[in-house]
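Look through the model below with its strands in view.

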Amino acid sequence: MSPTRRCSRSACPRTAVATLTYVYSDSTAVLGPLATYAEPHSYDLCAEHSDRLVAPRGWEVIRLAPDPAALGPSNDDLLALADAVREAGRRPEPKQQRPSSGENGGTRRGHLRVLPDPDG
């Protein structure tokens, strides 16, 4: 689980719930659900600061409501978790020894040859 992200406002200790991004070419501020990853040109805001957000004069604020279906785990998330658990429970297959080839009893792997330890 990732660490909790904090509000980007100075001295605000609250947990972030929304992400603010500016689209300078359209003079638009877009406030939406908390982004999956923290981006360098976006700002994470707590509930209080996101509710009180006002844009500069002449700018438009677009508020994107979170999709309720996206808040919980998806079927893909659950299937990936089930696959990971199944994979972790499998016993590793025994490695098959390749026959020795070449002089000195070395084993060939691609273009390299593994030579036995002369002291061993």
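Tyrosine 22 has alanine 29 in β2 as its bridge partner. The model is a predicted one, in which local features need pLDDT of at least 70, side-chain atom pairs count only at pLDDT 80 or more, and totals for chains, interfaces and linings use all residues. Residues are numbered from 1 along each chain as its sequence is written, and side-chain values use heavy atoms, with hydrogens and water left out.

Strand β1 covers residues 18–23, and strand β2 covers residues 28–33. Strands here are DSSP runs of E with at least two residues, helices are runs of H or I with at least four residues, and both are numbered from the N terminus. β1 and β2 run antiparallel and are joined by 6 bridges; two strands pair if DSSP finds at least two bridges between them. Another of the facing residues in this pairing is alanine 18, which stands opposite proline 33 in β2. The hairpin of β1 and β2 has 4 residues between the strands, and serine 27 takes a positive phi near 50° there.

β2 also pairs with β4: these strands run parallel, with 4 bridges between them. Valine 30 stands opposite isoleucine 62 in β4. Together, 4 strands make an open sheet in the order β3-β1-β2-β4, with mixed pairing. β3 and β4 (60–63) are at the edges and have a single partner strand each, so one side of each is left without a neighbour in the sheet. From one strand to the next, the twist averages 20°; the axes behind such angles are lines fitted to C-alpha atoms, for helices over the stretch in contact, and angles run from 0 to 180 degrees between N-to-C directions.

Next come the aromatic rings. The structure holds 4 aromatic pairs. Rings of Phe, Tyr and Trp (its six-membered ring) pair if their centres lie within 6.5 Å; planes under 30 degrees apart count as stacked, over 60 as edge-to-face and the rest as tilted. Why is the pair of tyrosine 22 and tyrosine 24 called tilted? The ring centres of tyrosine 22 and tyrosine 24 are 5.9 Å apart and their planes are at 35°, so the pair is tilted. Tyrosine 22 also pairs with tyrosine 43, and this pair is edge-to-face, with 6.2 Å centre to centre and 70° between the planes. This pair links distant parts of the chain, since tyrosine 22 lies in β1 and tyrosine 43 in β3, 21 residues apart. Ring pairs link Tyr22, Tyr24, Tyr43 and Trp59 into a cluster.

How covered are these tyrosines? Buried means under 20% relative accessible area, exposed over 50%, and partly exposed in between (1.4 Å probe, protein chains only). Tyrosine 22, at 26% relative accessibility, counts as partly exposed. Tyrosine 43 is partly exposed too, at 38%, while tyrosine 24 is exposed, at 59%. In the chain, buried residues make up 16% of the 120 residues.

The chain as a whole has 3 helices and 6 strands, and its elements run β-β-β-α-β-α-α-β-β from the N terminus on. The chain averages a pLDDT of 81, and 77% of the residues score at least 70; pLDDT is the predictor's confidence in each residue, from 0 to 100.
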